[in-house]
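Dear colleague,

Please find the structure below, with the sequence alongside. I would be grateful if you could read the notes that follow with the coordinates open.

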Amino acid sequence: MKECPYGEKCYRKNPIHFGEFSHAHLDAIYAKGSGSGDYDIPAKYSSELIQTQLKLLEKVLPKEGAKKEKEANVSATKTPVTDPFVSGSSTSGSSSSSFSTSQSASSAPKDTSNLAKKQKMMDRNIRDYIPVVVEKGGMAKKLERAAPYNMFLTAITDSKPTHSESLSVTLQEILDESLGEIESSVQINFMVDIGWLLGHYYFAGILDKPLLVLYGDESPELLSIGKFKPQVTAIGVKMPTPFATSHTKMMLLGYRDNSMRVVISTANLYEDDWHNRTQGVWISPKLPALPEDADTGAGESQTGFKQDLMLYLVEYKISQLQPWIARIRSSDFSAINVFFLGSVPGGHRESSVRGHPWGHARLGGLLAKHATPIDDRIPVICQSSSIGSLGANVQAWIQQDFVNSLKKDSTPLGKLRQMPAFKMIYPSFSNVSGSHDGMLGGGCLPYGKNTNDKQPWLKDHLQQWKSSDRHRSRAMPHIKSYTRYNLQDRSVYWFVLTSANLSKAAWGCFNKNSNIQPCLRIANYEAGVLFLPRFVTGEDTFPLGNNRDGVPSFPLPYDVPLTPYAPDDKPFLMDYLQGH
């Protein structure tokens, strides 16, 4: 069995993880114990965490014949580890604390591996599986209180204050029945641990409901899931080029009363992304079904969200999405107050109807139409978990393309404008080394030395990750956000939450041939939302820091003013993880 890369710092409470990885420190304590809860735990460890992990070991590797069990695990790991939620060993229509051992469908093949047998017998306790558990039934009220922004950050396992913060959310809460009784759903994401996801569906009581998964990163479990779970359809998104990524993180939730909901986030669907990483989540209001005789254009939001979402989903060219596009068409989206902001692969030109449809040019078009005039001295603030190859200097793409779009506002044309400053929030080496998971906290920051060495100019623009107001300074950011705000008059002009990192692949790059109409080339699928004050609060700006005339302050994910890199600071690079 492979040794867990986290070693003594392992925080996992997932039985599947303990079936895959060994832990020398736990094995030593376990070997000396009784095998029934009586252990001598060294003072240097968190007693509560170690006790939980030892309970899992008792279930995965019962004391009697432990050696044989370990040998069985070694042989089991030669093939992909079987997840109890994947293997067809359970069914659920309710969230009881124990699993039925019957087949979910008589036609589904049984997994008879030793590991599957052991895991099948395990007592299913939600706290063994999900580190932050919030009482069921309260999410509808929490979402109501989050108006008008409906924007949350994910709860951080090792930051207790976030567990009860009003704008923190868990995946279990997103699936909470108080928001509606889910009858079917779509998960569009880059990385999907299907066993982990189905574990959440089990505890939400919806494991037997139809689930469509569109994924970017392939795994053996996703390829075979339909055999074991006939209600799950998993489809890999085909990309036109090898370096392009299906990077969107979106949920479509269909409810029994024919209403639905859209969720757009920055988190992949696997354990680490919902553990100690700062992620952003926007949750739409409930979107009721329109009357059957409603006009085709009925139920649109002021922001055109419905039409933009349908146009985006059509771009996947996946027939299984058609019923969902039809469902969106027949739903009332009028309560949505944000703009949908997408990127799709290909070369895109401006049209007379929609302007530029995707990427940074789409954002620029919306800002030019709807953003209140902004002083050119107000910087453009970018923040993401990875950085692309941006060119030899700040002018090459950042200024000529990206900031050129993000600087736009509704100031009448003709006025001479200056290029605003560009600032980029990205964790420094010291930010990561001081994180909840130490250097391993940088596992979600895939920015490498090769790229960094080619753009030394970037360091002058870098800002540290600090989020003490939201109790997340030590929770490394996988969130991606873009904004402009004014500290002097405490106002935010607009804000974007998106899956799109700071890269040409995500946002697009204009061709430089002046003889043809500008074409924006995009590599990835990305999805985000744009908050513009006129549509969210009816004012020109959002309040920053304090409520203003009854309007809540905008919940920025990080502290302001920003903290620039000190002369001896350096950005965290994934190369530092080698040897860890």
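This is a predicted model: local features need pLDDT of at least 70, side-chain atom pairs count only at pLDDT 80 or more; totals for chains, interfaces and linings use all residues.

How many of the residues of E16 are buried? Six of the six are, so the strand is largely enclosed by the rest of the structure. In a regular strand, side chains alternate between the two faces of the sheet. In E16 both faces are covered: Ser481, Thr483 and Tyr485 are buried on one side, and Tyr482, Arg484 and Asn486 are buried on the other.

Strand E13 (residues 380-383) is joined to E16 by three bridges, and the two run antiparallel. Within that pairing, Gln383 has Ser481 as its bridge partner. E16 and E17 also run antiparallel, with six bridges between them.

Arg490 is not a glycine, yet its phi is positive. With a relative accessibility of 36%, the residue counts as partly exposed, because the value lies between the 20% limit for buried and the 50% limit for exposed.

A separate item is an open sheet of three strands, in the order E12-E19-E18 and with antiparallel pairing. Which strands stand at its edges? They are E12 (346-348) and E18 (509-510); each has a single partner strand, so one side of each is left without a neighbour in the sheet. E12 is joined to E19 by three bridges, and Gly347 stands opposite Arg521 of E19. Helix H13 (residues 359-370) packs on this sheet, where it touches E18 and E19. The direction of H13 makes about 125° with that of E19.

The loop between strand E19 (520-522) and strand E20 (526-531) holds Asn524. Is Asn524 buried or exposed? Its relative accessible area is 6%, so the residue is buried. Its side chain has two polar contacts to note. A polar atom of that side chain lies 3.0 Å from the backbone nitrogen of Thr245, and a polar contact of 3.0 Å joins the side chains of Asn524 and Glu526. Leaving aside residues up to four places away in sequence, Asn524 touches Met239, Phe243, Ala244, Thr245, Ser343, Val344, Pro345, Ala505 and Ala506.

**Helices H11 and H12**

The axes of helix H11 (residues 305-314) and helix H12 (residues 322-329) come within 10 Å and cross at roughly 170°. H11 is therefore roughly antiparallel to H12. On the H11 side, the contact is made by Lys306, Leu309, Met310, Leu313 and Val314, which meet Ile325, Ile328 and Arg329 in H12. The residues of this contact divide into six nonpolar, no polar and two charged.

**Individual residues**

His25 is placed in helix H2 (residues 24-32). This histidine counts as buried, with a relative accessibility of 8%. Apart from residues up to four places away in sequence, His25 touches Gly7, Glu8, Tyr45 and Ile50.

Two cis peptide bonds also deserve a look:

- The bond from Ala147 to Pro148 is cis, with omega near 5°; Pro148 lies in the loop between helix H7 (139-145) and strand E3 (151-154).
- The bond from Val560 to Pro561 is cis, with omega near 0°; Pro561 is in the segment after strand E21 (542-543).

The segment after E21 also holds Asp549. Asp549 has a positive phi of about 50° although it is not a glycine. At 74% relative accessibility, Asp549 counts as exposed.

With kind regards

Definitions and conventions: Residues are numbered from 1 along each chain as its sequence is written. Side-chain values use heavy atoms; hydrogens and water are left out. Helices (H or I, at least four residues) and strands (E, at least two) are DSSP runs, numbered from the N terminus. Buried means under 20% relative accessible area, exposed over 50%, partly exposed in between (1.4 Å probe, protein chains only). A polar contact is a pair of N or O atoms within 3.5 Å; within protein, one must be able to donate a hydrogen and the other to accept it, and residues adjacent in sequence count only if both atoms are side-chain atoms. Contact means heavy atoms within 4.5 Å. Axes are lines fitted to C-alpha atoms, for helices over the stretch in contact, and angles run from 0 to 180 degrees between N-to-C directions. Angles under 35 degrees count as roughly parallel, over 145 as roughly antiparallel, 65 to 115 as roughly perpendicular and the rest as oblique. Ala, Val, Leu, Ile, Met, Phe, Trp, Tyr, Cys and Pro count as nonpolar, Asp, Glu, Lys and Arg as charged, and the others, Gly among them, as polar. Two strands pair if DSSP finds at least two bridges between them.
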